[in-house]
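Trainee: I would like to learn how to read a protein model. Where should we begin?

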Amino acid sequence: KEAESMAHLGHWDWDIKNNHLIWSEEIYRIFDTTPYSFGNTYEDFLRRVDPEDRESVDKAVQKSINEKVPYSIDHRIILSNQSIKIVHEKAEITYDKDTDKVIRMFGTVQDVTMEREREYKISELNCKLERQNEELTASNEELESTNEELEKSYEELEQTNKELEIINYELEISKGQAESANKAKSEFLA
């Protein structure tokens, strides 16, 4: 009992032929009900399953029975106060040795609400981080492109600067030649 309570894990046993379902005390705690308000049938169990999950739970149970495979599923349950829990169920099947018909299904129910909520939050955070990473990657690519454009512009400016230096040098030479020619002209005219 204590171990089941600590693990939020209960066990159940379903006599399929007589449709009689027995729950451990922990399952009553998980489902927020009492032995007196539970009808001990498969249908009463299904009424406590979230309506959106009932069909998938029933299909998983029927598959387990018909195909003789283990039963394992996560689903939601609705408590008496209308709040929702998420449980994980696992079960095995017992067969009649003479007829090979399923006579019993027994298994466990574990309240995994907190674990699934943590997983959901981690998933949300991972999605948020992925979006931020994509935005940073796009920004980085944009910065790299801008940097390439700036480097190209810098190279063009350096080339223009060199050309201007050559033009300035040629102008200085031309200016010196013009001054020499002016001086020679002045001397000739004088």
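Mentor: We begin with the words for elements: helices (H or I, at least four residues) and strands (E, at least two) are DSSP runs, numbered from the N terminus. This is a predicted model, in which local features need pLDDT of at least 70 and side-chain atom pairs count only at pLDDT 80 or more, while totals for chains, interfaces and linings use all residues. Residues are numbered from 1 along each chain as its sequence is written, and side-chain values use heavy atoms, with hydrogens and water left out.

Trainee: How is the length of a helix checked?

Mentor: The expected span of a helix is 1.5 Å times one less than its number of residues. Helix 4 covers residues 51-67, which is 17 residues, so it should span 24 Å; the C-alpha atoms at its ends are 25 Å apart, in agreement.

Trainee: What caps the N-terminal end of helix 4?

Mentor: Asp-50 does, with a side-chain oxygen 2.8 Å from the backbone nitrogen of Glu-52. For other pairs we will speak of a polar contact: a pair of N or O atoms within 3.5 Å, where within protein one must be able to donate a hydrogen and the other to accept it, and residues adjacent in sequence count only if both atoms are side-chain atoms.

Trainee: Which residues of helix 4 are buried?

Mentor: First the general idea: an α-helix has 3.6 residues a turn, so residues three or four places apart point the same way. Buried means under 20% relative accessible area, exposed over 50%, and partly exposed in between (1.4 Å probe, protein chains only). In helix 4 the buried residues are Asp-53, Val-57, Val-61, Ser-64 and Ile-65. Seen down the axis of helix 4, they fall within an arc of 105°, so they line one face of the helix; the arc is that of the directions from the helix axis to the C-beta atoms. Glu-52, Glu-55, Lys-59 and Asn-66 are exposed on the other side of helix 4.

Trainee: What covers the buried residues of helix 4?

Mentor: Contact means heavy atoms within 4.5 Å. The cover includes helix 3 (42-48), strand 1 (9-15), strand 3 (71-78), strand 4 (84-95) and strand 5 (102-111).

Trainee: How do I read the sheet?

Mentor: Strands of a sheet pair through backbone hydrogen bonds, either parallel or antiparallel. Two strands count as paired if DSSP finds at least two bridges between them. Here five strands form an open sheet in the order 2-1-5-4-3, with antiparallel pairing. Strand 2 (20-23) and strand 3 are the edge strands, each pairing on one side only.

Trainee: How many bridges join strand 4 to strand 5?

Mentor: Nine bridges join these two antiparallel strands. Among the pairs, Ile-93 has Met-105 as its bridge partner in strand 5, and Thr-94 stands opposite Arg-104. Six residues lie between the two strands of this hairpin, and Asp-100 in the turn has a positive phi of about 60°. Strand 3 and strand 4 are joined by eight bridges and also run antiparallel. They form a hairpin with five residues between them, where Gln-82 in the turn has a positive phi of about 75°.

Trainee: Is His-75 buried or exposed?

Mentor: His-75 has 2% relative accessibility, so it counts as buried. His-75 lies in strand 3, and its bridge partner in strand 4 is Val-87. The side chain of His-75 makes a polar contact of 2.6 Å with the side chain of Glu-89. Not counting residues up to four places away in sequence, His-75 touches several residues, including Phe-45, Asp-53 and Val-57.

Trainee: Where is Asp-15?

Mentor: Asp-15 is in strand 1, and its relative accessible area of 27% makes it partly exposed. A polar contact of 2.8 Å joins its side chain to that of Asn-18. Asp-15 and Arg-104 are 89 residues apart in sequence, yet 4.8 Å apart in space, C-alpha to C-alpha. Strand 1 and strand 5 pair in the antiparallel sense over seven bridges, and Trp-14 stands opposite Met-105 in strand 5.
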